[in-house]
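Hi,

Here is the structure I promised to pass on.

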Amino acid sequence: METSVTCCARATSLLPNVSSQQYSTSLATSRSISQPSFNSRSLKSSSLFGESLRVAPKSSLKVSRTKNSSLVTKCEIGDSLEEFLSKSTSDKGLIRLMMCMGEALRTIAFKVRTASCGGTACVNSFGDEQLAVDMLADKLLFEALTYSHFCKYACSEEVPELQDMGGPAEGGFSVAFDPLDGSSIVDTNFTVGTIFGVWPGDKLTGITGREQVAAAMGIFGPRTTYVLALKDVPGTHEFLLLDEGKWQHVKDTTEIGEGKMFSPGNLRATFDNPDYAKLIDYYVKEKYTLRYTGGMVPDVNQVFANM
């Protein structure tokens, strides 16, 4: 059984270009299986996706990428998501993909807020879905990647087989994601989140987190935020979902320093893993503050929020 620990003192960065004391890990991992079990083209359009995302023809979207390009304009707090991305990268395909994922996160936030969830299914007030909430999120994210026209392959925790999203192999991207980390605590009204990584080209195996061109988390709690990082752009950048449905740049985090907080996962593993037990004992003896929500995404977000 896997064990994960998030702590400020020895923070593990899940987003590229955020410095930590010791470690760097991949935001998302995937497995490739030859026979896909999921057909993204069978999905119906979500009613909450913007019209521009549905009707933009693939032929009108041109790839524009420059290697190690510097920022033309300084990104500022208060920028919209589109303004930030346009200032941060000249890659139009990456901009569109990240915008589409932002639309998906906005819709997932609505679904999480309005769904009445049981152990296996959720039904919203309109009665239009009867799926587990993590499957709703999974469907929306695959839809978003299809509409971006720049995603070649994608896979998720729910659908680990590689799915062909129809985008180009050259100039396109591949994405791996967990649609709703912490979905089992939705009914207790705890914070949950989405996490994804973006790699260039058509590979999701034999790659590392350092090869990502972008990575992000969507956090669904009292506020809805979109925390993202782009290759060659320092730090992570937090966007707040406003009442009018727009994302606004509200915070930058450029380093992770020392702290006195820890968020352990799977404490039962301390009985089988002496090194893990020793680590937990160290945190307790050194009077670290325990902050554990039951979801990795909100716990990682605490590290950034408390820097």
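**Starting from Ser 174**

Leaving aside residues up to four places away in sequence, Ser 174 touches Lys 152, Tyr 153, Gly 197, Val 198, Trp 199, Gly 201, Asp 202, Lys 203 and Leu 204, where contact means heavy atoms within 4.5 Å. A word on the ground rules: this is a predicted model, so local features need pLDDT of at least 70 and side-chain atom pairs count only at pLDDT 80 or more, while totals for chains, interfaces and linings use all residues. Residues are numbered from 1 along each chain as its sequence is written, and side-chain values use heavy atoms, with hydrogens and water left out.

Back to Ser 174, which is found in strand β9. Helices (H or I, at least four residues) and strands (E, at least two) are DSSP runs, numbered from the N terminus. Ser 174 counts as buried because its relative accessibility is 0%; buried means under 20% relative accessible area, exposed over 50%, and partly exposed in between (1.4 Å probe, protein chains only). A polar atom of the Ser 174 side chain also lies 2.8 Å from the backbone oxygen of Gly 201.

**The whole chain**

The protein chain has six helices and 16 strands. Of its 307 residues, 50% are buried. Among contacts with a separation of 6 or more, 60% are between residues 24 or more positions apart.

**The eight-stranded sheet**

β9 belongs to an open sheet of eight strands, in the order β8-β7-β9-β10-β11-β12-β13-β14, with mixed pairing. Two strands pair if DSSP finds at least two bridges between them. The edges are β8 (163–164) and β14 (247–253), each pairing on one side only.

Strand β10 (residues 192–200) runs antiparallel to strand β11 (residues 214–220), and seven bridges join them. Gly 197 has Ala 215 as its bridge partner in β11, and Ile 195 stands opposite Met 217.

- Helix α3 (residues 92–114) touches β7 (151–156), β9 (173–181), β10, β11, β12 (224–230), β13 (236–241) and β14, and its direction makes about 165° with that of β10. Axes here are lines fitted to C-alpha atoms, for helices over the stretch in contact, with angles from 0 to 180 degrees between N-to-C directions.
- Helix α4 (residues 133–148) touches β7, β8, β9 and β10, and its direction makes about 160° with that of β9.

On its other pairing, β11 meets β12 in the antiparallel sense over seven bridges, and these two strands form a hairpin with three residues between them. Ala 216 stands opposite Leu 228 in β12. How many of β11's seven residues are buried? Seven of the seven, so to speak a mostly covered strand. Ala 214, Ala 216, Gly 218 and Phe 220 lie on one side, with Ala 215, Met 217 and Ile 219 on the other.

**Leu 97 in α3**

Leu 97 is found in helix α3 and is buried, with a relative accessible area of 0%. Not counting residues up to four places away in sequence, Leu 97 touches Leu 145, Ser 148, Phe 150, Cys 151, Phe 173, Val 175 and Val 198. Leu 97 and Gly 172 are 75 residues apart in sequence, yet 9.5 Å apart in space, C-alpha to C-alpha.

**Cysteines**

A disulfide is a pair of cysteine sulfur atoms within 2.5 Å, and a search of the whole structure finds zero of them. Both residues count as buried: Cys 151 has a relative accessible area of 0%, and Cys 155 has 2% relative accessibility.

β15 runs parallel to strand β16 (residues 289–290), with two bridges joining them, and Phe 262 has Leu 290 as its bridge partner. The chain crosses from β15 through helix α5 (residues 274–285) to β16 in a right-handed β-α-β crossover, right-handed meaning that, with the strands pointing away from the viewer, the path from the first strand over the helix to the second runs clockwise.

Helix α6 (residues 296–305) is largely enclosed by the rest of the structure, because eight of its ten residues are buried. Among them are Val 297, Asn 301 and Phe 304.

Note on methods. A polar contact is a pair of N or O atoms within 3.5 Å; within protein, one must be able to donate a hydrogen and the other to accept it, and residues adjacent in sequence count only if both atoms are side-chain atoms.
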